Amino acid sequence: MSIGIIVFPGSNCDRDLKWAIEGCLGLPTKFLWHETRDLSGLDAIVLPGGFSYGDYLRCGAIARFAPVLESVLEFVKRGGRVLGICNGFQVLTELGLLPGALTRNKDLHFICEPTSLKVTSSKSIWFESYQKHKIITLPIAHGEGRFQCDEDTLKYLQDEELIALRYAKNPNGSIDNIAGITSADGNVLGLMPHPERACDPLLGGEDGRFILQALLG
Amino acid sequence: MPNYQARVLVNLRPSVLDPAGEAARSAANRLGVTGITKLRIGKSVELQIEAADEIEARQRLELLSDRLLANPVIEDWTLELEPCSSTS
């Protein structure tokens, strides 16, 4: 049992994730360089935050062509759990595993602060232990986290209960206050907040633990 | 093989807010340039491509624009293409 953490050139939350998953939760991890295609022995994959490929062109636009992600597409088809955090969420939308896109924050600021979030769907494995409308607190740290999609996609996300997390107070202009969504099958979760930064009470909270724990069910 | 000169212009779709454009528009006012009613910031990508003919060049660049240079979820793109005589 092990959790793979993908490392792109420019990822900067990969080591935080290792610390949180191994040090706080006691679960084994393995770093996956973006050029590998070998996901053998892994039960879940995490795409970390950061600035993959310098965010050149658009956030996640170049990372999406990394060889490791071809294997991730197969992994997802087989029902494997994949979590994309911040830049990882941006990569998952560019890759087409999740709908929509993340754009420049409405007020142009890079926002780095704890944020109240509402769990608005407990349909997926990530939040099935949560009561709907439960409020959790996780830090956000992004300049491009304004979720955008067309009206049909938004209606689809709403109707299928795929909007897992909404901001209690919208910091970035995201459509429908969206902070995190899941795939139709529920095994892929993308979110802008950083659960790995909320796994130790000394650092201001433990609300992120449950999301990371869901990686291994 | 013929060489072609191309430019791909990428812009946010009209329905997508462009906060950087809005900030630039407000700076235009501070500069004293009045009357700017719209300012949207996009990208211009210059390319040269070798292809058997213009149709093939266009097909390859359309794929590139749609799949890499622009994200159709939030962006529109236009392609300008013309033969070029030198590869420099």
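Helices (H or I, at least four residues) and strands (E, at least two) are DSSP runs, numbered from the N terminus. On this basis chain A holds five helices and 11 strands. Its radius of gyration, taken over C-alpha atoms, is 15 Å, close to the 17 Å that the globule rule (2.2 Å times the number of residues to the power 0.38) gives for 217 residues, so chain A is as compact as a globular protein of that length. Along the principal axes, the C-alpha atoms of chain A fill a box of roughly 40 × 40 × 30 Å.

The model is predicted: local features need pLDDT of at least 70, side-chain atom pairs count only at pLDDT 80 or more, and totals for chains, interfaces and linings use all residues. Residues are numbered from 1 along each chain as its sequence is written, chains are lettered from A and ligands numbered from 1 in the order in which they are written, and side-chain values use heavy atoms, with hydrogens and water left out.

A nonpolar core is a set of buried Ala, Val, Leu, Ile, Met, Phe, Trp, Tyr and Cys residues joined through side-chain atoms within 4.5 Å. The largest has 67 residues, and Ile45(A), Leu69(A) and Leu83(A) have the most contacts inside it. Helix H2 (residues 67-77) of chain A gives the most to this core, with five residues. Residues up to four places away in sequence aside, Leu83(A) touches Ile45(A), Leu92(A), Trp126(A) and Leu189(A), among others. A second, separate core of 14 residues includes Leu47(B), Ala51(B), Leu61(B) and Leu81(B).

Thr182(A) lies in strand E10 (residues 178-182) of chain A and is buried, with a relative accessible area of 3%. Its contacts, not counting residues up to four places away in sequence, include Leu98(A), Ser124(A), Trp126(A) and Leu189(A).

The accessible surface of chain A (Shrake-Rupley method, 1.4 Å probe; for residues, only the protein chains shown count as cover) comes to about 9000 Å², of which 49% belongs to carbon and sulfur atoms. Leu202(A), in the loop between strand E11 (188-191) and helix H5 (209-213) of chain A, counts as exposed at 78% relative accessibility.

Methods
Buried means under 20% relative accessible area, exposed over 50%, partly exposed in between (1.4 Å probe, protein chains only). Contact means heavy atoms within 4.5 Å.
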